[in-house]
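Hi,

Here's the structure I promised to send over. Have a look at it first, and then read on for what turned up.

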Amino acid sequence: MTITTQEKQSLIVFANEARRRAYAPYSNYPVGAALRTKSGRIYTGVNIENASYPQTMCAERVAIFKAVSEGETEFEVIAVVTNNGGSPCGGCRQVMAEFGLDTLVLLGNGNGELTRETTVQDLLPEAFTSKHLITE
Ligand code: THU
């Protein structure tokens, strides 16, 4: 995988722009995500809250589910932007892990700055994956 510094920055911008469309009237914590697939397409996502709080969906999962529902399951990098550079929740880490531990994860803040660069592997060590379901 090759991703330039400029491309990383541009994914943060995509995620931050998407963040404006977050539906977060309860937490007032808008989150935006931009997922780049190996085919080069970019899928964005935002958090979508609900008056029945547990029905809320995180931005990362919206982006991933949009991609998968379009037939894309091979990801290169996901950028996630919050006001304060917050890190993906455990549920989103698990969903990211399903599609590859090598996926690069970029975190950014509300000023559109890239604040941290990591991988799914680092965010979710000892992940439970499909290989654990193979029994002999
Ligand atoms: N949220 C995300 O969208 N992604 C995360 O990884 C962490 C949390 C959202 C869910 C909720 O709408 C708001 O942030 C506060 O928890």
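Which side chain has an N or O atom 2.7 Å from an oxygen atom of the ligand? That would be Glu60. Bear in mind throughout that this is a predicted model.

Glu49 puts a polar side-chain atom 2.5 Å from an oxygen atom of the ligand, and for Asn47 the distance from a polar side-chain atom to a ligand oxygen is 2.9 Å. As for how covered the ligand is, it exposes 370 Å² when taken alone, and the protein buries 77% of that.

Now the wider surroundings. Besides Asn47, Glu49 and Glu60, the residues around the ligand include Ser27, Tyr29, Val31, Thr56, Cys58, Ala59, Pro88 and Cys89. Sorted by class, that shell comes out as six nonpolar, three polar and two charged residues.

And where does the ligand sit? The space it takes is the largest pocket, which holds about 170 Å³ of space. In total, 14 residues line this pocket. The lining as a whole divides into seven nonpolar, five polar and two charged residues.

Cheers

Note on methods
Residues are numbered from 1 along each chain as its sequence is written. This is a predicted model: local features need pLDDT of at least 70, side-chain atom pairs count only at pLDDT 80 or more; totals for chains, interfaces and linings use all residues. Side-chain values use heavy atoms; hydrogens and water are left out. A residue is near a molecule or strand if one of its heavy atoms lies within 4 Å of it. A polar contact is a pair of N or O atoms within 3.5 Å; within protein, one must be able to donate a hydrogen and the other to accept it, and residues adjacent in sequence count only if both atoms are side-chain atoms. Accessible areas come from the Shrake-Rupley method with a 1.4 Å probe; for residues, only the protein chains shown count as cover. On a 1 Å grid over the protein atoms alone, a cavity is a set of points where a 1.4 Å probe fits but cannot get out, and a pocket is an open set with protein on both sides within 12 Å along at least five of seven lines; lining residues have an atom within 4 Å of a point. A molecule sits in a cavity or pocket if more than half of its atoms lie within 2 Å of its grid points. Ala, Val, Leu, Ile, Met, Phe, Trp, Tyr, Cys and Pro count as nonpolar, Asp, Glu, Lys and Arg as charged, and the others, Gly among them, as polar. Grid points are joined across faces, edges and corners, and a volume is the space filled by probe spheres set on the points.
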